[in-house]
Amino acid sequence: MAAERPDKKSVKQQAIELDPPVELVFRGPFTEVVTSSLKLKNPTKNTILYKVKTTAPKQYCVRPNSGILNAGEEAPVSVMLQPIDLTVPDSERSKHKFMVQTMFAPPDFTPDQLDHAWKSAAKDVLMDSKLKCVFDETPTIPASTVPVSVDGKDNDAAVANGGKAALEESLASTQSPPATPSEQAEVNKNDTESQPAKNTTSQPSQVLAGATPAKAVPVKDTESQPA
């Protein structure tokens, strides 16, 4: 009886888990290096070899671009997009794709045999997953447009008016209420008591209006006259 041939689809089914599974998102601005993270996980009980390939090798830097995943291990991969020419049509960038290729480690595999294992691997033992690149060019919201929060409430008017007028109005509402009549009377009393007494001794005496000034009476010198 002939041996049953293995199902090629089951052999090529990806054994590792990718996060994210189908897309690598790069967020602008793209005038500097932008990094997108990829996580690989080996949920099996076997050692798995992996490598990361791209259709635009001059545009990306991948670290690490190959490695070994032992049973249950995870590996972070950083995909760095180099600054791009903004004049390049979006249709060209949409062609950027990545492929994570894997295979189970051959028997008696040692880490120094990694390159040889890939070169001698048969096509029917290779597994792969493809990811497309997504370029997010959504502009960053300026800090000045963020609603100002006063007493835990978002003040939308602060955004429309530049924040100053609405903020002052909100702060004014938090000031102390005006004093009651009894409180104001107490304040006035304290002010009166605190005023210094007038110095009346230093003021010259004044003649009342309509009063006749007293005449000087001469005093006789009785001692100078003879008896």
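Here is a short chat about strands and salt bridges in a predicted model.

Trainee: Before we start, what do the numbers rest on?

Mentor: Residues are numbered from 1 along each chain as its sequence is written, and side-chain values use heavy atoms, with hydrogens and water left out. As this is a predicted model, totals for chains, interfaces and linings use all residues, while side-chain atom pairs count only at pLDDT 80 or more and local features need pLDDT of at least 70.

Trainee: Which are the edge strands of the open sheet?

Mentor: The sheet has 4 strands in the order β1-β3-β7-β5, with antiparallel pairing. Strands here are DSSP runs of E, at least two residues, and helices are runs of H or I, at least four residues, numbered from the N terminus. Two strands pair if DSSP finds at least two bridges between them. An edge strand pairs on one side only, and that picks out β1 (17-19) and β5 (60-63).

Trainee: Which residue in β7 is the bridge partner of R63?

Mentor: Strand β7 covers residues 74-81 and runs antiparallel to β5, with 4 bridges joining them. In β7, R63 has as its bridge partner S78.

Trainee: Do β2 and β9 run parallel or antiparallel?

Mentor: Take β9 (residues 127-136) with its other partner: it pairs with β8 (residues 97-104) in the antiparallel sense over 6 bridges. Between β9 and β2 (residues 23-27) there are 5 bridges, and those two strands run parallel.

Trainee: How far apart in sequence are the parts that D136 and R27 tie together?

Mentor: R27 has D136 as its bridge partner in β9. Their side chains also meet in a salt bridge (3.6 Å, N to O), the term meaning a Lys or Arg side-chain nitrogen within 4 Å of a carboxyl oxygen of Asp or Glu. Because D136 lies in β9 and R27 in β2, the pair ties together parts separated by 109 residues.

Trainee: Is R93 buried or exposed?

Mentor: Buried means under 20% relative accessible area, exposed over 50%, and partly exposed in between (1.4 Å probe, protein chains only). R93, in helix α2 (residues 90-93), has a relative accessible area of 6%, so R93 is buried.

Trainee: Which residue forms a salt bridge with R93?

Mentor: Leaving aside neighbours within four places in sequence, R93 is in contact (heavy atoms within 4.5 Å) with F30, I84, V88, F135 and E137. One of these is partly exposed at 47% relative accessibility and sits in the loop between β9 and β10 (148-150), 44 residues from R93. With closest N and O atoms 3.4 Å apart, the salt-bridge partner is E137.
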